[in-house]
Amino acid sequence: MKTFVFLHDAFQGGWIWRDAARSLRSLGCEAYTPSFTGCGARRHLTVDGSPRATYLADIENLFIHENIPQAALVCHGFAGMLAPLLARRLGAKVQAIIFLEAALPEKGESFMDLAQPPLAALLRQREHNGMVRPVEPSLFHTLELGDYFQDRLGPFPMRAFTETYDGPEPVRWPPSVYLYCGANQTPFNTAMLARARTRGLDAHDCALDAVPVLARFGEIARLLDAMVPQPASSLPYEGCGRPRMPEHMRLLHCPRYRQRMALARSHGD
């Protein structure tokens, strides 16, 4: 089964990917929409120490506790700073990285280095006590969404924007694709698209006339499903073609297996 793990942008939360995830599930895929510590449904929590280390641990724990064998990472905006680092930590569990108008970092760069002067200046202006107040929705091209969007945005640590990237070089990334919307260009998006092309990343115009994350979630889901191949299963298979369950689960859920085991034990006696 194709599996997608969505990494949200700054100020947002996993909720922003909710409809895209539902659409992917309707296509037979699995999708997870975690919120970083301090964001979305976890907004009541605080980040102690490095935001980057905390966010990476959030997603590593998701893979562990949800027993995700392999997934494509879909990152938006700031989350592009995290995806290659996750790929280095998780190894073969990261099947691909899909950058949806996301940061494409290089060693020694912070998000502030990539943000372009207008956005970087705005982030500094909105900082108070180490936290940056949410940027107006208009800058994310979400006009006409009103309070639904604004009320769910939360402050984001300035340190997350200033920590420098120390991950692998692009040549060591998993297969990566850059998605952009030609009708949704900002100085940041234009700069990242140019960098994607310079690096030779496969770049696709979503051909959508609104922000893909919220307004055209069904089309984004179909696009993601089409561009990510079905992963090869690493599970051993029985003759019936079903994955072999762990022993304790087979005893719990399979009456015929329990009968066979009971019969084998009786013959052994």
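Let's start with strand β3, which spans residues 71-77 and is mostly covered, with seven of its seven residues buried. Buried here means under 20% relative accessible area, exposed means over 50%, and partly exposed lies in between, using a 1.4 Å probe and protein chains only. Strands are DSSP runs of E with at least two residues, helices are runs of H or I with at least four, and both are numbered from the N terminus. Please keep in mind that this is a predicted model, where local features need pLDDT of at least 70, side-chain atom pairs count only at pLDDT 80 or more, and totals for chains, interfaces and linings use all residues. Residues are numbered from 1 along each chain as its sequence is written, and side-chain values use heavy atoms, with hydrogens and water left out.

Now look at the partners of β3. Strand β1 (residues 3-7) pairs with β3 in the parallel sense over four bridges, and Leu7 stands opposite Cys75 in β3. Pairing requires that DSSP finds at least two bridges between two strands. Strand β4 (residues 94-102) also runs parallel to β3, joined to it by seven bridges; here His76 stands opposite Leu100 in β4. Helix α3 (residues 83-90) belongs with these two strands: β3, α3 and β4 form a right-handed β-α-β unit. Right-handed means that, with the strands pointing away from the viewer, the path from the first strand over the helix to the second runs clockwise.

Next come two helices. The axes of α1 (residues 18-26) and α10 (residues 217-227) come within 8 Å and cross at roughly 50°. That makes α1 oblique to α10, since angles under 35 degrees count as roughly parallel, over 145 as roughly antiparallel, 65 to 115 as roughly perpendicular and the rest as oblique.

Two backbone details are worth a visit. Glu101 is not a glycine, yet has a positive phi of about 45°. Glu101 sits in strand β4 and counts as buried at 5% relative accessibility. Asn129, also not a glycine, has a positive phi of about 55°. Asn129 lies in the loop between β5 (127-128) and β6 (131-132) and, at 70% relative accessibility, counts as exposed.

Finally, the cysteines. The structure holds zero disulfides, a disulfide being a pair of cysteine sulfur atoms within 2.5 Å. For Cys206, which is in no disulfide, the nearest cysteine sulfur is that of Cys181, 6.2 Å away. Cys206 is buried, with a relative accessible area of 10%, and Cys39 is buried at 3%.

How values were computed
Axes are lines fitted to C-alpha atoms, for helices over the stretch in contact, and angles run from 0 to 180 degrees between N-to-C directions.
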